[in-house]
Amino acid sequence: MLLLASGARADDIGWQSTEGPLTLSPFTRTVKIGSRIRYVTSDLDTPEALHSIPAADWQESSGNTISLGFQTEPHWFVMDLRTEGDVSRYWILELANPMIDHVWLYLYQGERRLQQWHAGDAMPFSQRPLEASRLQFPLQLQPDQDYRLYMKVSSTEALELPLTLSEHFYHTFMSDRRSLVDGIFHGFLIIMAAYSLAIYVILRDKSYLFYACYVLSMLLFFLSQQGLLYEYLFPGVPSLQHYSVPLMSLLIYMSIAAFFGTFLDFGQHFPVLWRVYLSMLGLHALLCLGLVLLPYQTVVSLMALNVAASMVLGVVGIWRLSMHGSRPAQIVMAGWGMLFAFILLFVFSRMGIFYNDFLASYGLRIGVSLEILIFSFALSFRINQERQEKEWALNKINLERVERIRAQELALQREVEASQAKEQSLQMEIQHRESLEQVVEERTADLARTLQDLEKANQELEQLSSRDGLTGLFNRRLFDAQLQALWQQLQRKQQPLALLLLDVDHFKQVNDSLGHPCGDMVLRELGALLSSLLHRPTDVIARYGGEEFAVLLPETPVEGARHVAEMIVQAAADKLYVWEGETLHITVSVGVHVLIPQPDLDQDQLVQGADQALYQAKHGGRNRYVVSGDKHSVAQSVPMARGQ
């Protein structure tokens, strides 16, 4: 594949990956492309100018994610693509780091530039190719073609480039799943903050207020780091996005300092250490102001080192309190230590010292979640400890009162003895009741086990009732239920639903000439053949009735349904059936109909469309498929079953 109009070859200048071009097949859904990329430091403006760079200057990425740390110069990245077979034409190239300032992306086919974009968090959000917090670029690829991707990156942030190329529908699925995980994490932080604020309102203890501020600061930090604040609050102010993460780190620093000062009394126990810690907090605030005047990368590196040093200082103070027997400090030490470890890994990853894809994506969230849970436990322990202290004081008062009335106890001895006799009688009655309660519990447990066995039997009966007794496939009742559920689901998602109705050609002649046992054998083996051809867990295969079968293909367009129908017709025609030493050839006819469910449509229209297409396939000569509303069908010439 040629790079330039001047005719320079890719292997002459060292741009050809040692693993060859990235090949996209019809079965490719997503792939991390970091290991297929070569890069060079250069501030050239266009891909055509790159041929002037010597081959020795190019380097090849060694991992799935490119992590080069802080860089002052722009970098060019080059990767070759090759499509094979009937691949999807719509792909999404995602850069999972929303903090990159500028990204220029070019798609070439030979010497011709097909697509180009310019995006990043230094530009207004509206200029992104796709509206997403992460940088996403749509690619349109044709089957059996060679392409080359050029990407120029310039950023004051660390050059951490988790690049993923995904088929469009699969990318949508993964985005939904990632949004679910993010929603759970953000919801967890909101719940913990609301819980702490409620405790503060009840107890008026500032420790809970500062803890809630700390949790909310963490939430704002993650929303800023993920680009969600930029997307929803200030999409037209890139400069605010540029400084949002350092500013959020200052809020975290201030809230955790206030929390430690009130909850662990750092200032009272270690006044010198506390003053040093507050000085480091002031330094962090000055560094935030220095972001405007000094080089951004230098200031961010100093802030990261200051955070790491302050965390070490905090661990030292908490450890010393723990050694003095402070149980809250011991609990906080466990949470602080976990967060300290995960933050160090995160900082090292951002600075390019060490990189791990899982830790860079989820490590900080895991550390924060564990720390917040443990801190919450420490606060709960403090509540319990204060309650015990109050109980101890009350017990002391009661003991003094007992001492004052000890003289009166001698006069009341007889009454006490009578009370003891009554207490013994009451104790015997309690024991009797406890034995009765134990018997009731045992019988209740037996009844619960019986109910569980009955429920299990009902579930097994329901499972058997949903299967066809001959083929083992889903029966008509379950098919109708699945059709209704998929219709409602895909109506919400506005995705296509395909229905294939299959009918065995000349099946009555098989029964008449060879007998019903032979017909039953044909239906069983045909059902097994359909199960072996369709592997997606969301696909539904059912015996529709008699010699008819039905296949539901959710989120499948017309081309995909046509491909499946062609595969079924071919596989059925190629299959050999052996009955009493005689070989049979059985063919099928298939009707296909595809709809995107709409509120004004009915699911019966999908069935009617497929049934009409099946009728056309039958009257068009059988051994073929017909797509409703399509003039194209496929027929095969194969030997017919005996008697046909």
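User: Is Asp146 buried, partly exposed or exposed?
Analyst: The model is a predicted one. In it, the relative accessibility of Asp146 is 32%. Buried requires a value under 20% and exposed a value over 50%, so Asp146 falls in between and counts as partly exposed.

User: Which residue forms a salt bridge with Asp146, and where does that partner lie?
Analyst: The closest N and O atoms of the pair are 3.0 Å apart, and the partner of Asp146 is Arg82. The pair links distant parts of the chain, 64 residues apart. Asp146 belongs to strand S11 (residues 146-154), whereas Arg82 lies in strand S6 (residues 75-83).

User: Is Asp539, which pairs with Arg536, buried or exposed?
Analyst: Asp539 and Arg536 form a salt bridge whose closest N and O atoms are 2.8 Å apart. Arg536 has a relative accessible area of 36% and is partly exposed. For Asp539 the value is 13%; the cut-off is under 20%, so Asp539 is buried.

User: Which helix holds both Arg562 and Glu559?
Analyst: These two residues form a salt bridge, with 2.9 Å between the closest N and O atoms. Arg562 is buried at 14% relative accessible area, while Glu559 is exposed at 53%. They are three residues apart, about one turn of the helix, and both lie in H15 (residues 558-574).

User: How many salt bridges are found in the whole structure?
Analyst: The pairs discussed here include Asp146 with Arg82 and Arg562 with Glu559. A search of the whole structure gives a total of 16.

Conventions: Residues are numbered from 1 along each chain as its sequence is written. This is a predicted model: local features need pLDDT of at least 70, side-chain atom pairs count only at pLDDT 80 or more; totals for chains, interfaces and linings use all residues. Side-chain values use heavy atoms; hydrogens and water are left out. A salt bridge is a side-chain nitrogen of Lys or Arg within 4 Å of a carboxyl oxygen of Asp or Glu. Helices (H or I, at least four residues) and strands (E, at least two) are DSSP runs, numbered from the N terminus. Buried means under 20% relative accessible area, exposed over 50%, partly exposed in between (1.4 Å probe, protein chains only).
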